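Morning, everyone. Please look at the chain on the screen while I talk.

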Amino acid sequence: MKNKELAKRVRELRKRKGLSQEELTEDSGLSLRTIQRIENGETEPTGDTLKRISNALNVNPDELIDWTIKEDRGYLKALNLSTLTFLFFPLLGILVPLILWNSKKDKLKDINKIGKDIINFEISWTIFFFLGFILNTIYMASKWHTDEFISGGSIASSMKFNFFFLIFMYAFNFAFIIFNTLLIGKGKDVKYYPKIRFLRN
């Protein structure tokens, strides 16, 4: 933990804003002793403490957090690859990376952005996945009393659609996971599309 670098950063930002330690204490809701220990490099602040200070200094938390958290591309790749559990059951592709992300939240560089992008994508994918089957079921129900359904034409078409839809959706998800694992290994931003922003950066 780069306490000395963080101490210098906090002190510089506070002075740039024209704040005293007492004023930063009041704005952040932290004790004066905590601020003093951070600026002297005597303590390892928690993620919540850093967020309070960044809010009081009106800066992006990453401007402070990136000075203190470690970089672990291996864990980020493992986090990304954990979404492959969707192959066993779609919801696992959300739950497993969510657990891994929460266990290291605010402790590794880039984990918050990557974790949120992964989970947003997997939630969106799961919604589209089940929505496709639901819409196909509704379509089949609308054909229930038609001659085409009775003769088996609608059933065959529906089963064919379900099969190819499942193959396409699984291949789509799998390809994005592998592609983004390679991007993480190269230190580049992940690219997950489409995704609904349930969790915002």
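First, the ground rules. This is a predicted model, where local features need pLDDT of at least 70, side-chain atom pairs count only at pLDDT 80 or more, and totals for chains, interfaces and linings use all residues. Residues are numbered from 1 along each chain as its sequence is written, and side-chain values use heavy atoms, with hydrogens and water left out.

Now the overview. The chain has 10 helices and zero strands. Both are DSSP runs numbered from the N terminus: H or I, at least four residues, for helices, and E, at least two, for strands. Along the sequence the pattern reads α-α-α-α-α-α-α-α-α-α. There are 201 residues, and 39% of them are buried. Buried means under 20% relative accessible area, exposed means over 50%, and partly exposed lies in between, with a 1.4 Å probe and protein chains only. Take contacts between residues at least 6 apart in sequence: 67% of them join residues at least 24 apart. Contact means heavy atoms within 4.5 Å.

Next, the helix pairs. Two packed helices are described by the angle between their axes and the distance between the axes.

How do α7 and α8 pack? Helix α7, residues 92-104, meets helix α8, residues 111-142, at an angle of about 165°, and the axes are 9 Å apart. Axes are lines fitted to C-alpha atoms, for helices over the stretch in contact, and angles run from 0 to 180 degrees between N-to-C directions. So α7 is roughly antiparallel to α8. The cut-offs: under 35 degrees is roughly parallel, over 145 roughly antiparallel, 65 to 115 roughly perpendicular, and the rest oblique. The crossing is left-handed. That means the near helix is turned anticlockwise from the far one by less than a right angle; clockwise would be right-handed. From α7, the contact includes Pro-97, Leu-98 and Trp-101. From α8, Ile-118, Ile-119 and Glu-122 are among the residues involved. The contact residues divide into eight nonpolar, four polar and three charged. Nonpolar here is Ala, Val, Leu, Ile, Met, Phe, Trp, Tyr, Cys and Pro; charged is Asp, Glu, Lys and Arg; the others, Gly among them, are polar.

Leu-24, Asp-27 and Ser-28 of α2 meet Arg-52, Ile-53, Ala-56 and Leu-57 of α4. Helix α4 spans residues 47-57, and its buried residues include Ile-53, Ala-56 and Leu-57.

Finally, single residues. Is Arg-73 buried or exposed? Arg-73 is buried, at 17% relative accessible area. Arg-73 sits in helix α6, residues 73-81. Leaving aside residues up to four places away in sequence, Arg-73 touches Asp-110, Ile-184 and Gly-187.

Arg-33, in helix α3, is partly exposed at 48%.

Pro-194 lies in the segment after α10 and is partly exposed at 45%. With residues up to four places away not counted, Pro-194 touches Phe-121, Ser-124, Phe-128 and Phe-172. Pro-194 and Asn-120 are 74 residues apart in sequence, yet 9.1 Å apart in space, C-alpha to C-alpha.
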